[in-house]
Amino acid sequence: MTDLFSVWRGNAPLLISMPHSGTLIPADIAADMTVAALQMPDVDWHLPHLYDMATQTGATVLSAHPMRYVIDLNRPKDDASLYPGQDTTGLCPIDTFSKQPIYKPQRQPNTAEIQRRIQQYWQPYHHQISMELQRLHAMHGIAVLLEAHSIASQVPRFFSGKLPDLNFGTADTHSCARGLQVALESTMQDYTRLSQEKPAQYKSFSYVFNGRFKGGYITRHYGMPAKHIHAIQLEISQCTYMHEAPPYDYQPALADTLKPLLSTIMATCITWAQQTTSTNRST
């Protein structure tokens with residue numbers, strides 16, 4: 001653990017990255033922020049808790065400490081839009097998802113301050129992602145990066161209506177092999193069937209692939225299927241495991257119905273990677 005992120009190293013070919021789960025806002029930055037921003041409505045709340053079974057699979061788990069208002073680790077350094085023509089928040093956001101100002105008047109970060117935050121927060125996290133992917137790839141000849149995110153189920157700024165429960169993004173299969181997406185699609189179909197056959201044991205969750213969220217910078221940048229590094233983003237609707245209103249508390253009874261599915265998704269990623277490596281070695 002450092003002041004910037006926590007990492008648990010496993011030996012399975014799966015890295016789980018949580019760039020938006022942090023709540024750390026340094027005092028000097030917090031002094032420039034509004035009351036609304038300091039309530040931190042746009043955190044990917046409780047993800048380390050929700051995924052606390054990941055270490056049992058042997059996955060490596062990397063979670064950021066700085067809050068996304070300090071700097072968004074899932075945006076490119078040059079702040080290029082990931083969804084041209086659509087409303088998005090930037091590298092150092094200036095407003096919340098509900099369009100409330102993050103900074104007091106005349107207190108927004110200038111160019112020099114943004115560069116300082118890139119150096120202090122953005123680069124170390126991305127260096128760690130690269131190092132962990134290289135380590136896992138060296139061990140297995142393949143690595144899967146699962147970008148773990150969550151968001152309020154209704155955010156009119158970004159999408160109309162209510163978001164599906166699970167939103168998979170593979171940059172339209174540019175960030176991972178088609179086979180991995182097919183395996184995950186099959187997992188979701190099987191789980192849906194089980195929820196219909198055994199509703200007392202399995203809860204049904206809605207899902208979509210490459211809908212409103214196709215994958216952020218990390219998914220698109222690190223996903224290199226030709227080099228056997230495969231990246232997918234999973235954006236979870238927060239109504240599936242927590243209260244979406246302050247104090248944004250974790251709901252164990254809700255979460256416990258979702259966690260078995262998340263475990264299955266992680267197992268699918270690991271099994272697919274292992275089987276793919278075995279097939280490549282035998283051909």
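Helices and strands are DSSP runs, helices of at least four residues and strands of at least two, and both are numbered from the N terminus. In the predicted model described here, Gln39 falls in the loop that joins helix 2 (35-38) to helix 3 (47-50). Beyond the residues up to four places away in sequence, Gln39 is in contact with Trp45 and Tyr248.

The nonpolar interior was examined next. In soluble globular proteins, nonpolar side chains tend to be buried together. The largest nonpolar core of the model comprises 86 residues, and Ile16, Leu50 and Tyr51 are those with the most contacts inside it. The element that gives the most to this core is helix 7 (residues 252-282), from which ten residues are drawn. Leu50, when residues up to four places away in sequence are set aside, touches Ile236, Tyr241, Tyr250, Ala255, Leu258, Lys259 and Leu262.

The cysteines were considered in turn. A disulfide is a covalent bond between the sulfur atoms of two cysteines, and a search of the whole structure returned zero disulfides. Cys269 accordingly takes part in none, and the cysteine sulfur nearest to that of Cys269 belongs to Cys176, at a distance of 8.9 Å. Because buried means under 20% relative accessible area, Cys269 is classed as buried with a value of 0%, and Cys92 is likewise classed as buried with a value of 10%.

The contacts of Glu185, not counting residues up to four places away in sequence, are with Arg178, Tyr207 and Phe209. Lys214, by comparison, is located in the loop between strand 6 (207-209) and helix 6 (217-222), and with a relative accessibility of 25% Lys214 counts as partly exposed. With residues up to four places away in sequence again left out, Lys214 touches Tyr83, Gly169, Thr170, Ala171, Asp172 and Arg220.

Rolling a probe the size of a water molecule over the atoms shows where empty space is left. One cavity of 30 Å³ or more was found, and the largest cavity holds about 250 Å³ of space. Its lining is made up of 21 residues, of which Arg68, Arg75, Tyr83, Phe213 and Glu235 are the closest to the centre. Strand 4 (143-151) and strand 7 (229-237) are the elements that give two or more residues to this lining, and strand 4 gives the most, with three residues. By class, the lining of the largest cavity divides into six nonpolar, nine polar and six charged residues.

The largest pocket, in turn, has a volume of about 290 Å³. This pocket is lined by 20 residues, and those closest to its centre are Pro41, Asp42, Phe97, Ser98 and Ala152. The lining of the largest pocket comprises nine nonpolar, six polar and five charged residues.

How values were computed:
Residues numbered from 1 in each chain as written. Predicted model: local features only at pLDDT ≥ 70, side-chain atom pairs only at ≥ 80, totals over all residues. Heavy atoms only, no water. Core = buried A, V, L, I, M, F, W, Y, C linked by side-chain atoms within 4.5 Å. Buried < 20%, exposed > 50% of the residue type's maximum accessible area, 1.4 Å probe, protein only. Contact = heavy atoms within 4.5 Å. Disulfide = S-S within 2.5 Å. 1 Å grid on protein atoms, 1.4 Å probe; cavity = no way out; pocket = protein on both sides within 12 Å on 5 of 7 lines; lining within 4 Å. Points joined across faces, edges and corners; volume = space filled by probe spheres on them. Nonpolar A, V, L, I, M, F, W, Y, C, P; charged D, E, K, R; others polar.
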